[in-house]
Amino acid sequence: MRRLPVVDTPRRWPVNPSRWDYVMTVRQSAVAMSITALIAVDVQADFLPGGSLAAPSGDLVVAPLQALAQRFPLVVATRDFHPAHHASFEAQGGPWPPHCVIGTPGARLHPAVDALAWLVISKGTDPAVDAYSGFDGTRLAEMLRAVGVHRLVIGGLATDYCVRATALAAQKEGFETASLTRSTRSTSAPVTASRRWRRCALRGSACRLLLRRQRRTPDD
Ligand SMILES: [Zn+2]
């Protein structure tokens, strides 16, 4: 299937008739093959080992995401995509060091994930507003519905922030949502990460669903 051009400004979607043709092609494929899409959240250089806001062992999500991508007709990658003086950065009073600044190497998707993605959703592009969820300030939900997707599998970085936020938002948007432990890594060490994941499970129904699904399909 032809790869969809990177969508830097989802608000302009769909402006191009040929792109709409592509949407309809994906819709037919989605109906024929499955109605599940894979979302790879923020697998970017700054969130990978060596990056400015790295998730330990974050690179280990790539191979599982590649394996999952073979099973679904649509793969979406989200990316944190911040202007240089974004409100979430410490210099502006935010909680984070500078990361994923537009035009810098740190903002680049992992090449393997970039190769998988048919659609790239940029978030956090407003200098004054942060966005953990791939649905926040984007038209991702609308795009997914337009191609007939009802179910989402979500992986990427990091479990305790943007993956969690994206999963919760996905369920709020009405998508059946699942994730798989090995396709995501937390910002903290593995033991703490699993505790955090359990805490998250107690707080959010989407995360409960994630855990249930993980138990059902342990080999994914
Ligand atoms: Zn960010």
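**Ground rules.** I noted that residues are numbered from 1 along each chain as its sequence is written. I also noted that this is a predicted model, in which local features need pLDDT of at least 70 and side-chain atom pairs count only at pLDDT 80 or more, while totals for chains, interfaces and linings use all residues.

**Confidence.** I looked up pLDDT, which is the predictor's confidence in each residue, from 0 to 100, and the mean for the chain is 79, with 70% of its residues reaching 70 or more. Over residues 7-17 the pLDDT stays under 50, and the model has 15 contacts beyond four places in sequence for them, where a contact means that the C-beta atoms of two residues, placed from the backbone, lie within 7 Å. Over residues 197-220 the pLDDT also stays under 50, and there I found 29 contacts beyond four places in sequence.

**Elements.** I read off seven helices and five strands, taking these as DSSP runs numbered from the N terminus, with at least four residues of H or I for a helix and at least two of E for a strand. From the N terminus on, they run α-β-α-β-α-β-α-β-α-β-α-α.

**Sheet.** I traced an open sheet of five strands in the order S3-S2-S1-S4-S5, with parallel pairing, where two strands pair if DSSP finds at least two bridges between them. Strand S3 (119-123) and strand S5 (176-185) stand at the edges with a single partner strand each, so one side of each is left without a neighbour in the sheet. The twist averages 20 degrees from one strand to the next. Strand S4 (residues 151-157) pairs with S5 in the parallel sense over six bridges.

**Helices on the sheet.** I found helix H2 (residues 62-69) lying across strand S1 (36-41), strand S2 (74-80), S4 and S5, and running at about 140 degrees to S5; axes are lines fitted to C-alpha atoms, for helices over the stretch in contact, and angles run from 0 to 180 degrees between N-to-C directions. Helix H5 (residues 159-172) lies across S1, S2, S4 and S5, at about 165 degrees to S4.

**Burial.** I counted a residue as buried if 20 or more other C-beta atoms, placed from the backbone, lie within 10 Å of its own. Twelve of the 14 residues of H5 are buried, so H5 is largely enclosed by the rest of the structure; among them are Tyr161, Arg164 and Leu168. H5 is followed by glycine 174, whose phi is positive, near 100 degrees.
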